[in-house]
Amino acid sequence: MTNHTTAAYGTPVGLRAIRAPVRDRLERVMEELGRIAVADFSMVNEVNDYLMKVPGKLFRPTLVLLASDIERKSPPSALTLAAVVELVHIATLVHDDAVDHSVLRRGMPTVNSVWSHQIAIIMGDYLYSRAVTELARLGDLEAVRVLASAANRMSVGEMRQLLAYDDVTYSEAEYFRLIDAKTASLMSAACELGALAGSPAHRLPLRRYGHALGMAFQITDDMLDYEGTESVTGKPAGLDLRGRKVTLPLVGALREMSPAEADQIRHLFTLVEPGDDEVESAIELVTRNGGLQYARHKAMEYANSAEAAIRALTPGPALDALRDAVLHVMNRSR
């Protein structure tokens, strides 16, 4: 088992290696997704087919299966739980794109841009309801409780995110509350659901691992807006700034900016449609004032917490893959 350290977070690990212990079952998760999401209404199935045309990275279902495999006792229900988690994730993305008026997701037109915002919202609701219905079919009330709690926190997170727009005074504490609800809640639930299925003795450490991993995941995702490229992220650089959204790199940099530099950022936030020059200048200001270094430091703290949470778990391929997932998250911006 590799001994990862803070310094080792510069070592990239691809998703292929993380998925390796559960690769065959991920294909069956996709089959479960199709089974659960099917409807007796053609419009729903049309949108479903579109959403499944380009599968996501299946990161969260992978976490479910790995967590269930710690004691090598993963039952068939883990496949359904993994599919349910991915269904909730897809529903969230569909809603996010509608709220943000996004036109692209993973290089493809979004549901709201192909059909309408109304259909996107209804479709997200449908996917949520199918996930809950499938959990009820399994008859595991504790699993229902875990996912329902995560879905509730995610909804609150979407409301919190509205406060992160147009407000350069948005605080670090508010940011962490946001990403705890928006991202960490579902990753935590994914790991906890996997534990409930196959590794119940490790439920608490796996839940803590998922939460810390989710926090690091969202911080690095927000860093990509400043240092990523569209070919890597599937989104134009500076998209958060163009939407006047405050994330941790900006929060950290604003503390170090001169009054004139801070005024430049405040001016950007008054523009309805900031131009490329304004956005590029803001990115340069955030970078020069240490915003990215500050955000990465915070992400590393959560990465360390994720590793610490599972340090005492049973050694094996599943645990190694969970540890590698931390490295993967920390290198998404490279």
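**An enclosed helix**

Mentor: Ten of the ten residues of helix α4 (residues 59-68) are buried, so α4 is largely enclosed by the rest of the structure. Buried means under 20% relative accessible area, exposed over 50% and partly exposed in between, with a 1.4 Å probe and protein chains only. The model is predicted: local features need pLDDT of at least 70, side-chain atom pairs count only at pLDDT 80 or more, and totals for chains, interfaces and linings use all residues. Residues are numbered from 1 along each chain as its sequence is written, and side-chain values use heavy atoms, without hydrogens and water.

Trainee: Which residues of α4 are buried?

Mentor: Among them are Phe-59, Arg-60, Pro-61 and Thr-62.

Trainee: And what covers the buried residues of α4?

Mentor: The cover includes α1 (15-19), α2 (23-37), α5 (77-100), α9 (172-198), α10 (203-227) and α17 (317-330), where contact means heavy atoms within 4.5 Å.

Trainee: Changing topic, how many helices and strands are there in the chain?

Mentor: The chain has 17 helices and two strands. These are DSSP runs numbered from the N terminus: helices are H or I with at least four residues, strands E with at least two.

Trainee: What share of the chain is buried?

Mentor: Buried residues account for 55% of the 334 residues.

Trainee: And what are the spans of the C-alpha trace?

Mentor: Along its principal axes, the trace spans about 60 × 50 × 30 Å.

Trainee: Which contacts join residues at least 24 apart?

Mentor: Of the contacts between residues at least 6 apart in sequence, 78% do.
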